[in-house]
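This report looks at selected side chains and their surroundings.

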Amino acid sequence: GSITANGGGGIGSAGSGGGGAGGRIASNVGFGSITTSKTGGAGYQAGSAGTLSVPASSTITAPTASAKLNTLTSITGTAAAGSGSITLVEISIKRLSDNKLYNGTSFFDDTETFLSTTGTTAWSYAILDSKWTTNTNYLIRSRATDAGGVETPGAGTTFTFDSTAPTSVITAFCSVTGNNCTTAGTSASPQ
């Protein structure tokens, strides 16, 4: 009898690697003797090289995390390219008291709106102090774009805007005839 096994050709279409070609095995089995022959296959042919695209990354540098600010007219940060160069950096700003998002004019939107910044590897976004509500927490997220695509925004940076000055009251009690004075006071901060 005879057994024959043939391997694959090892040639793939564009973009896929071919498998290693198997050999041809032929066995002839007869009474009293076994004859085996092996023939090598066509070999291995590699597929085309793939491309790995790495998206950019961005970081918010101001305001810093958990900052308490009484003025904020510029949001700043940096970005690094993963593939190619940075083409765009955007931010979103959410007022946490009602979860409204800033649309470039007011805190009105219910869905995240990304606003273009000025600059790429060092970027900034100008905003008026009058846009912030005092005694309120905010969340800022950033994302950068390069040849590798758009960054998925991270958790972001939260801060508190508080433009209300603290108050204090000082009361002094002094006796008319002596030098004994007692001072007492209270202070209050909106936060």
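## A charge over a ring

A charge sits over a ring if NZ of Lys or CZ of Arg is within 6 Å of the ring centre and within 35 degrees of the ring normal. Arg143 places its charged end over the ring of Phe114, 3.8 Å from the centre of that ring.

The model is predicted: local features need pLDDT of at least 70, side-chain atom pairs count only at pLDDT 80 or more, and totals for chains, interfaces and linings use all residues. Residues are numbered from 1 along each chain as its sequence is written, and side-chain values use heavy atoms, leaving out hydrogens and water.

## Aromatic pairs

A pair of aromatic rings is described by the distance of the centres and the angle of the planes. Rings of Phe, Tyr and Trp (its six-membered ring) pair if their centres lie within 6.5 Å; planes under 30 degrees apart count as stacked, over 60 as edge-to-face and the rest as tilted. The count by this rule is seven aromatic pairs. Phe107 and Tyr138 have ring centres 5.4 Å apart and planes at 50°, so this pair is tilted. Phe107 lies in strand β9 (residues 107-109) and Tyr138 in strand β13, so the pair ties together parts 31 residues apart in sequence. Strands (E, at least two residues) are DSSP runs, numbered from the N terminus.

Phe107 counts as buried because its relative accessibility is 10%. Tyr138, at 0%, counts as buried too. Buried means under 20% relative accessible area, exposed over 50%, and partly exposed in between (1.4 Å probe, protein chains only). Tyr138 also pairs with Trp132: this pair is edge-to-face, 4.7 Å centre to centre, with 75° between the planes. Trp132 and Tyr138 are both buried. Ring pairs link Tyr102, Phe107, Trp132, Tyr138, Phe159 and Phe161 into a cluster.

## Thr145

Thr145 belongs to strand β13 (residues 136-146). Its relative accessibility is 15%, so Thr145 counts as buried. Beyond neighbours within four places in sequence, Thr145 contacts (heavy atoms within 4.5 Å) Ala56, Ser85, Ile86, Thr87, Leu88 and Val150.

## Thr117

Thr117 sits in the loop between β10 (115-116) and β11 (118-119). At 12% relative accessibility, Thr117 counts as buried.

Which residues does Thr117 touch, not counting residues up to four places away in sequence? They are Val89, Glu90, Ile91, Trp123, Ser124 and Tyr125. Val89 is 28 residues from Thr117 along the chain, yet their C-alpha atoms are separated by 5.8 Å. A polar atom of the Thr117 side chain lies 2.9 Å from the backbone oxygen of Val89.

Notes. Helices (H or I, at least four residues) and strands (E, at least two) are DSSP runs, numbered from the N terminus. A polar contact is a pair of N or O atoms within 3.5 Å; within protein, one must be able to donate a hydrogen and the other to accept it, and residues adjacent in sequence count only if both atoms are side-chain atoms.
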